[in-house]
Amino acid sequence: MKSHHASPARGSHAAVSKQASDHPRLIREQQTVSAMIRLYCDHHHQDPACRHCQQLQAFAHQRLRRCRYGHGHKPTCANCNIHCYAPAMRKQIQLIMKWSGLRMLWHHPWLALHHLLDSRRKAPRLPSNRPLPP
C-alpha cells in the first residue's frame with residue numbers, strides 16, 4: 001500500500017493559496033478535493049502525471065474560486081442549490097468522492113473531519129443580483 005503522508009495537493013500549499021482567495025475555508029476545500037482526487041488517481045491510474053485527473057482538479061478549483069455564494073458562506077457542493085459542474089465532470093467528481101470518502105478518514109483525517117462538519121451547513125439564500133466572481 002502506498003503512503004499518502006505527503007501534501008494532499010499536487011502542488012504546495014502556497015501554490016494553492018496563490019491561485020485562490022486567501023479565505024481559509026476555500027483553501028481547505030481545495031486541499032480536500034485535491035486529496036480525494038489524488039487518492040483515487042493513485043489507486044486507479046498509478047500515473048503521477050495523469051492528465052485527466054489534473055484537468056478535473058483544475059476544473060474543481062476553478063469552480064470553488066467562482067462560487068456564487070462567496071467563500072465565507074459557501075455550502076459543500078452536495079448541499080448546494082446551484083450545480084455549476086458540467087454533467088460529465090459532475091459524474092466523475094461524484095464517483096471520486098464516493099470512492100475516496102471513507103479513505104480520507106485514514107489518509108487525511110483533519111480534512112475529512114472539516115469536510116464532514118462543513119457538510120452540515122445549509123446553503124444560504126442566494127441574492128438574485130449577486131454577480132459571478134471573476
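Trainee: Is Glu29 buried or exposed?
Mentor: Buried means under 20% relative accessible area, exposed over 50%, and partly exposed in between (1.4 Å probe, protein chains only). Glu29 has a relative accessible area of 10%, so it is buried. Keep in mind that this is a predicted model: local features need pLDDT of at least 70, side-chain atom pairs count only at pLDDT 80 or more, and totals for chains, interfaces and linings use all residues. Residues are numbered from 1 along each chain as its sequence is written, and side-chain values use heavy atoms, leaving out hydrogens and water.

Trainee: Where does Glu29 lie?
Mentor: Helices are DSSP runs (H or I, at least four residues), numbered from the N terminus. Glu29 sits in helix α2, residues 24-44.

Trainee: Which residue meets Glu29 in a salt bridge?
Mentor: A salt bridge puts a side-chain nitrogen of Lys or Arg within 4 Å of a carboxyl oxygen of Asp or Glu. Glu29 pairs with Arg25 at 3.4 Å, N to O. Both lie in helix α2, four residues apart, about one turn of the helix. Arg25 is buried too, at 5%.

Trainee: How many salt bridges are there by this rule?
Mentor: Two. Asp42 also forms one with Arg38, with the closest N and O atoms 3.3 Å apart. Asp42 is buried at 13%, whereas Arg38 is partly exposed at 29%.

Definitions and conventions. Helices (H or I, at least four residues) and strands (E, at least two) are DSSP runs, numbered from the N terminus.
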